[in-house]
Amino acid sequence: MTQFSERYKSHQVWQVLQNLGPAIDNAFTREGTDTETLDSIARLKSILTFVGRRLAGADPYLFQAVSLDNLGSALQSVTQEAQNFIANGNVGHIANANSHGDAALTHLAQINV
């Protein structure tokens, strides 16, 4: 593995992605969640899947650390909002998570594939 591949694969964004999946899954299973909120949670799952696939296809020789840093930060915010929703059931957290998901998609566009 080259130094560039190693730097890319060891970036913290990969750990954030691993933490986000279970948070979204747990949000789906929260009791008493209405269908509109479930739809918003499903969008978060789609964002997670899209980001993961896009990152898997990115060229390690062309990545810029700042783009991955920004993406990781946005995804970490999605994770925190999902965990807050799980804890207290406030649907505003899912709305906030989707806003952070929008930011993640914007940062993802800066990743060279």
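Confidence to start. This is a predicted model, and the protein chain averages a pLDDT of 96, with 99% of the residues at 70 or above. pLDDT is the predictor's confidence in each residue, from 0 to 100. The lowest mean, 92, belongs to helix H1, residues 3–9. The highest, 98, belongs to helix H5, residues 92–108. Helices here are DSSP runs of H or I, at least four residues, numbered from the N terminus.

Two notes on method. Residues are numbered from 1 along each chain as its sequence is written. In this predicted model, local features need pLDDT of at least 70, side-chain atom pairs count only at pLDDT 80 or more, totals for chains, interfaces and linings use all residues, and side-chain values use heavy atoms, without hydrogens or water.

Now the core. The largest nonpolar core holds 27 residues. By nonpolar core I mean buried Ala, Val, Leu, Ile, Met, Phe, Trp, Tyr and Cys residues joined through side-chain atoms within 4.5 Å. Buried is under 20% relative accessible area, exposed is over 50%, and partly exposed lies in between, with a 1.4 Å probe and protein chains only. Val51, Leu55, Leu68, Leu71 and Leu75 touch the most other members. Helices H2 (13–28), H3 (35–56), H4 (65–88) and H5 each supply at least two residues. H2 gives the most, seven.

Take Leu75. Beyond its neighbours within four places in sequence, Leu75 contacts Val13, Val16, Leu17, Leu20, Val51 and Ala104. Contact means heavy atoms within 4.5 Å.

Last, salt bridges: a side-chain nitrogen of Lys or Arg within 4 Å of a carboxyl oxygen of Asp or Glu. How many are there? Two. Asp25 pairs with Lys45, closest N and O atoms 2.8 Å apart. That pair links H2 to H3, 20 residues apart. Arg43 pairs with Asp102, at 2.5 Å. This one links H3 to H5, 59 residues apart. Arg43 is partly exposed at 33%, and Asp102 is partly exposed at 37%.
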